[in-house]
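Please go through the briefing below with the sequence and the model at hand.

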Amino acid sequence: MSYNGSAKAGCLVSSDDVCNGSCTKREVSVTSTAISMTVGIVSNTLALFILIKAYRRFRFKSKAAFLLFASGLVVTDFLGHLINGSLALYVYASQKGWETFDPHKSLCDFFGVCMAFFGLTPLLLGSLMAVERCIGVTRPLFHTTALGSHHVKSLLGLTWLLGLLVALLPILFQRSYQMQRSRSWCFFRLQGPRDWVDVLLPILFSVLGLLALLLSLVCNTMTFLTLLRSRVQLDRDYHRHCRNTSHHSEMVCQLLAIMLVSCVCWGPILITGIIFSLQDHGEDQASYTHMLLVVRMATWNQILDPWVYILLRKAVLKSLFLVALRLCSPHLKIKLQWQGITQDNSTTEVRSSVISRPDFICLDGPFPPDTVIQSAHPR
C-alpha cells in the first residue's frame, strides 16, 4: 500500500497478499490506538483519584500547591488521551479518507491544535512543578506567602493559555496543519514547500519544550542538592526534620521520574522537529519511519506520567524499602517501630509534645529516636 494513499485504496488492490498486508497493518494500528487510549484514560483516572484524596488531606499544607499542579498535569494527560485518541479512531474508522470527511481541512487543523497543545502543555506543567518545589525547599517562607491556592490556579490557567496560544499560531498565521504521511494524524508542516513562518512555528514549539525540560533539570538539581545538604546537618528537632524532608523527598522523587519520562518520550520528537524544520528530508522511507517512531514514543508520556503518582507514593516506597531490607539482609531482623502504627504496645515517649504523629515516615537514616534496630545472632 502506498503511504500517501488511503487504507481503503490499499485494500482494493487486486493482489490478495498486498490487500491482506495493508488491512492487517491498519487493524493493528487501530487496535494499538484503542489500547493506548484505554490504558491512558484508566491510568490518569486512577492517578487523579489518588491526587484528589491526597489534596483533601494536605489542603492547608505546603504540599497542596504541588498537588494542584500535579492534578492539572493529570487532567491534561487525561483529556489528551480522550480527545486525540477519539480523533485517531475516527480517522481509522473513516478509512483515512480525509478528502471525503474533511474536504476543508478543518478537522486536520483541530487535530493538529490538539496534538500541539496536549504535547507542549504537560512539559510546561512539569517545569512549573519543578520550580514550585525548588522554591518550596530553598525559600519556604516566600513559598508560603506567594504560592497560595488562588495563585496556583492562576498559574495553571496561564500555562494552559500559553500552550493553547502556541498551538493556535498556525491558524492565526493562516498556516494550516499538515496531514502527515501515515494519514492518521496532523502536525506542523515539516515537509514540502514552506516559507519562513512554516519553518519558525515547529522550531518555536520544539524550543519551548526543550527549555521546559532544561528548566526542570536545573530546578530539580537545586532541590536535590538543598535536601541533601539539609540531611547532613544536625537538627535538634528530629521529628520535624524527618517529617519535612519526607514531604519533599516524595515529591522530588515524583518530579525526577516525570522529568526522566518527559526527556525520554518527548526529547526525540522535539529534536526531530528542529532538524526536519531546518533540513528538507523529503518523503523518503527513513524519514517516515523515524517520525513515526518518535511520535509513538511521545504518546507514551501521557501513559507513564500517571503511574509516577500511583507507584512513587510514601506507602509504596515504604513497602519497597522494607522488602529491600529483608532481601539484602535475610539474617538481620530489623524491627521498625513507627509512631502511630507500631505493632507492639510498648513505644517510647514522644520527645516533642507538639508533634505527636508525623504525617510521613522518614525511610532514610539516621533513624528517628523511636526506631529500634535489633540484630539477632544465631545461637
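Asp198 counts as buried at 8% relative accessibility, where buried means under 20% relative accessible area, exposed over 50% and partly exposed in between (1.4 Å probe, protein chains only). This is a predicted model, in which local features need pLDDT of at least 70 and side-chain atom pairs count only at pLDDT 80 or more, while totals for chains, interfaces and linings use all residues. Residues are numbered from 1 along each chain as its sequence is written, and side-chain values use heavy atoms, with hydrogens and water left out.

**Salt bridges**

- The structure holds four salt bridges, a salt bridge being a side-chain nitrogen of Lys or Arg within 4 Å of a carboxyl oxygen of Asp or Glu.
- Asp198 pairs in this way with Arg175, the closest N and O atoms being 3.5 Å apart.
- Arg175 lies in the loop between helix H7 (149–172) and S1, and Asp198 in helix H8 (residues 196–232), so the pair ties together parts that are 23 residues apart in sequence; helices (H or I, at least four residues) and strands (E, at least two) are DSSP runs, numbered from the N terminus.
- Arg175 is partly exposed, with a relative accessible area of 22%, and salt bridges that share partners join Arg175, Asp195 and Asp198 into one network.
- Glu99 and Arg183 form a salt bridge through their side chains at 3.0 Å, N to O.
- Glu99 belongs to helix H4 (residues 98–101) and Arg183 to the loop between strand S1 (178–179) and strand S2 (186–187), so this pair ties together parts that are 84 residues apart in sequence.
- Glu99 is exposed, with a relative accessible area of 55%, whereas Arg183 is buried, with a relative accessible area of 5%.
- Arg133 and Glu132 form a salt bridge in which the closest N and O atoms are 2.8 Å apart; Arg133 is buried at a relative accessible area of 0%, and Glu132 is buried at 1%.

**Nonpolar cores**

- The largest nonpolar core has 41 residues, and those with the most contacts inside it are Trp98, Phe111, Phe205 and Trp266; such a core is a set of buried Ala, Val, Leu, Ile, Met, Phe, Trp, Tyr and Cys residues joined through side-chain atoms within 4.5 Å.
- At least two residues of this core are supplied by each of helix H3 (63–93), H4, helix H5 (106–138), H7, S2, H8, helix H9 (238–278) and helix H10 (285–299).
- H5 gives the largest share of this core, 12 residues.
- A second, separate core of 26 residues includes Ile50, Leu67, Leu73 and Met251.
- Trp98, not counting residues up to four places away in sequence, touches Val91, Pro103, Leu107, Cys108, Phe111, Met179, Arg183, Ser184, Trp185 and Cys186, where contact means heavy atoms within 4.5 Å.

**Positive phi angles**

- Most residues other than glycine have a negative phi.
- Gln95 has a positive phi, near 60°; the residue lies in the loop between H3 and H4 and is partly exposed, with a relative accessible area of 24%.
- Lys105 also has a positive phi near 60°; its place is in the loop between H4 and H5, and Lys105 is partly exposed, with a relative accessible area of 49%.

**Packing of H3 with H11**

- H3 and helix H11 (residues 301–311) pack at an angle of about 145°, with their axes 9 Å apart; axes are lines fitted to C-alpha atoms, for helices over the stretch in contact, and angles run from 0 to 180 degrees between N-to-C directions.
- The crossing of H3 and H11 is left-handed, a term used if the near helix is turned anticlockwise from the far one by less than a right angle, with right-handed used if clockwise.
- From H3, the contact is made by Ala70, Leu73, Val74, Asp77, Gly80 and His81, and from H11 by Gln302, Ile303, Asp305 and Tyr309.
- The residues of the contact of H3 with H11 comprise five nonpolar, three polar and two charged; Ala, Val, Leu, Ile, Met, Phe, Trp, Tyr, Cys and Pro count as nonpolar, Asp, Glu, Lys and Arg as charged, and the others, Gly among them, as polar.

**Gly40**

- Gly40 is found in helix H2 (residues 16–57) and counts as buried at 0% relative accessibility.
- Leaving aside neighbours within four places in sequence, Gly40 is in contact with His81 and Ile303.
- Gly40 and Gly85 are 45 residues apart in sequence, and 9.6 Å apart in space from C-alpha to C-alpha.
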